[in-house]
Amino acid sequence: MAYLTLNPLTKVLSKSAKIIPLHQWNTFEKIEAIKEGVTKEQLENLKDKAELDYDTLARVLNVAKATLHNKKGKAKFDQYISERIFLVADLYSFGYEIFGNRLKFNSWMKSEIKALGYVTPLSLIDTLYGIGEVKNMIGRIAYGIIS
């Protein structure tokens, strides 16, 4: 299976380079990719597309900043960190599709949201429950439920 690092992690299905957003992968594809490990290059792509710095990424992924800095190029993170990266990338992939604009979604993630108790979605995604709550909020937006 070949992988590209677009929006924020994507997969190439064939030589025709049909790209499927991460949130549309099935569970078993995600499990396989997590077990293979996420590379530092893929993390850098997520960091750049999501407009996050290393301090924020370290907090969201629940790891030391040095852990993120010490990997180079195609070096892979362990399964725990790879899974955390996938969870965040999956959320951003979903948000980009629903908002239809990467910059607009990135801005929303850093805005205080009334329906989330006036906290930023970004401040919640360091836990699985927080990721779930933010995904639910994005889903509500997708269905036109004012949030």
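A crossing of two helices is left-handed if the near helix is turned anticlockwise from the far one by less than a right angle, and right-handed if clockwise. In this predicted model, α5 passes α7 in a left-handed crossing, whereas the crossing of α6 and α7 is right-handed. Residues are numbered from 1 along each chain as its sequence is written. Because the model is predicted, local features need pLDDT of at least 70 and side-chain atom pairs count only at pLDDT 80 or more, while totals for chains, interfaces and linings use all residues.

**Overall organisation**

- The chain contains 7 helices and 3 strands; helices (H or I, at least four residues) and strands (E, at least two) are DSSP runs, numbered from the N terminus.
- From the N terminus on, the order of elements is β-β-β-α-α-α-α-α-α-α.
- Of the 147 residues, 44% count as buried, where buried means under 20% relative accessible area, exposed over 50% and partly exposed in between (1.4 Å probe, protein chains only).
- Among contacts with a separation of 6 or more, 59% come from residues 24 or more positions apart; contact means heavy atoms within 4.5 Å.

**Helices α5 and α7**

- The axes of α5 (residues 79-99) and α7 come within 10 Å and cross at roughly 10 degrees; axes are lines fitted to C-alpha atoms, for helices over the stretch in contact, with angles from 0 to 180 degrees between N-to-C directions.
- That angle makes α5 roughly parallel to α7, since angles under 35 degrees count as roughly parallel, over 145 as roughly antiparallel, 65 to 115 as roughly perpendicular and the rest as oblique.
- On α5 the contact includes Arg-84, Leu-87, Asp-90 and Phe-94, and on α7 it includes Ile-131, Val-134, Lys-135 and Ile-138.
- The residues of this contact divide into 11 nonpolar, 2 polar and 3 charged; Ala, Val, Leu, Ile, Met, Phe, Trp, Tyr, Cys and Pro count as nonpolar, Asp, Glu, Lys and Arg as charged, and the others, Gly among them, as polar.

**Helices α6 and α7**

- The axes of α6 (residues 102-109) and α7 (residues 128-142) come within 13 Å and cross at roughly 130 degrees, and the two helices are therefore oblique to each other.
- Phe-105, Trp-108 and Met-109 of α6 meet Val-134, Met-137, Ile-138 and Ile-141 of α7.
- The residues of the α6 contact with α7 comprise 7 nonpolar, no polar and no charged.

**Lys-72**

- Lys-72 lies in the loop between α4 (65-70) and α5, and counts as exposed at 61% relative accessibility.
- The C-alpha atoms of Lys-72 and Thr-39 are separated by 8.3 Å, although these residues are 33 residues apart along the chain.

Conventions
Heavy atoms only, no water.
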